[in-house]
Amino acid sequence: MIVCHYYSENELLLTRDFSKLEELQVNEILWVDLVKPSYKEREYVQSKFDIELLTAQEAEEIESSSKFSETEDEINANSNFIIKTNDGYKNEAVSFIIKDDFIITQRKVELKTFDDIHKKLPRYRRTNAPNYKIFLILFETRIDFDADFLEHISREISDIGKDLALNRNLDDDMLIKISNFQETTMLIRENIVDKQRIISSILKSQMFPDNEYDRIRIMIKDVGSLLDHTSFNFERLEYLQNTFLGLVDLEQNEIIKIFTVVTVIAMPPTLIASLYGMNFQFMPELDEIWGYPFAIALMILSSGLTLFYFKRKGWL
């Protein structure tokens, strides 16, 4: 699928019709967004705009150090965007090409960031929407989404903390949930660091006008604050994990304590039973009618005295 923003009488319009793109001149086009493009669409865009698009595999495998490159007339950038899946979250590679007066983006999945920009962009006039501004708007919007996503994760982590404190939920699902949030937070951090490196590269670029550098510096500060937020979430999750393991240790200690007490209480009766189970010839009480009740009473008394001693010492 292709989404194209183009100029018509100084107005910015949007089309998703491939045939319309074929009718347009390159100087009339501002932005071509390729979403799961077909081979025909890729080949046509490469030929029309004299560019080379990365394949999906190349975009995913590209090294971090090569995610931003600049020549005299072209900028190539690749950034990861977080998307939700059935199993959790994952990074999805997005490619950007800025050349002359147009920008080309390529991705494999639908992204809310792009959908929002596609809705807003037709309000701009030709002079207000140069290609570099589209690039910056995309990253600004994505940073806002990442901030909202981090806040959502923080609220869920806070709910885990409350559940742990109030209900002492110590089942395996709780530990798995904490571990999953650690993985998600790590993924977010990697994603934000990826954006930080690209925005820092933009700051060094010669193709962006000087009046945009203050805006880019603010973006870097915003990204820095998101990194601080992820660090806080990491510390919080580590604290919750330690709390969970500490509560598990306490619970296990209580169980061991109960077993120990039961064992000690059972020792005196066991000793008495062992004594009367010996086959000595002279044990006169064995022949008495009160012998059996006496042994039972002695066992109960020994257990009771042991239990009383434990309570007196505050061990129970």
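The following questions and answers concern a predicted model of one protein chain.

User: How many helices and strands are in the protein chain?
Analyst: The predicted model contains both kinds of element. The protein chain has 8 helices and 7 strands.

User: What radius of gyration does the protein chain have, against that of a compact globule of 316 residues?
Analyst: A compact globule of 316 residues would have a radius of gyration near 20 Å. Along the principal axes, the C-alpha atoms fill a box of roughly 120 × 40 × 35 Å. For the protein chain, the radius of gyration is 35 Å.

User: What share of the contacts in the protein chain with a separation of 6 or more comes from residues 24 or more positions apart?
Analyst: Contact here means heavy atoms within 4.5 Å. Of the contacts with a separation of 6 or more, the share from residues 24 or more positions apart is 67%.

User: How far apart do the centres of the positive and negative side chains lie?
Analyst: The protein chain carries 36 positive and 53 negative side chains. The centres of these two sets are separated by 5 Å.

User: Which residue of β6 is the bridge partner of I82?
Analyst: Strand β5 (residues 74–85) pairs with β6 in the antiparallel sense, over 12 bridges. The two strands form a hairpin with 2 residues between them. Within β6, the bridge partner of I82 is N91.

User: Which residue of β7 is the bridge partner of S95?
Analyst: β6 also pairs with strand β7 (residues 102–107), in the antiparallel sense and over 5 bridges. In β7, the residue bridged to S95 is Q106.

User: Which residue takes a positive phi in the hairpin of β6 and β7?
Analyst: This hairpin has 2 residues between its strands. A positive phi near 50° is taken there by D100.

Terms used
Residues are numbered from 1 along each chain as its sequence is written. This is a predicted model: local features need pLDDT of at least 70, side-chain atom pairs count only at pLDDT 80 or more; totals for chains, interfaces and linings use all residues. Side-chain values use heavy atoms; hydrogens and water are left out. Helices (H or I, at least four residues) and strands (E, at least two) are DSSP runs, numbered from the N terminus. The radius of gyration is taken over C-alpha atoms; the globule rule is 2.2 Å times the number of residues to the power 0.38. Lys and Arg count as positive and Asp and Glu as negative; His and the chain ends are not counted. The place of a charge is taken as NZ of Lys, CZ of Arg, CG of Asp or CD of Glu. Two strands pair if DSSP finds at least two bridges between them.
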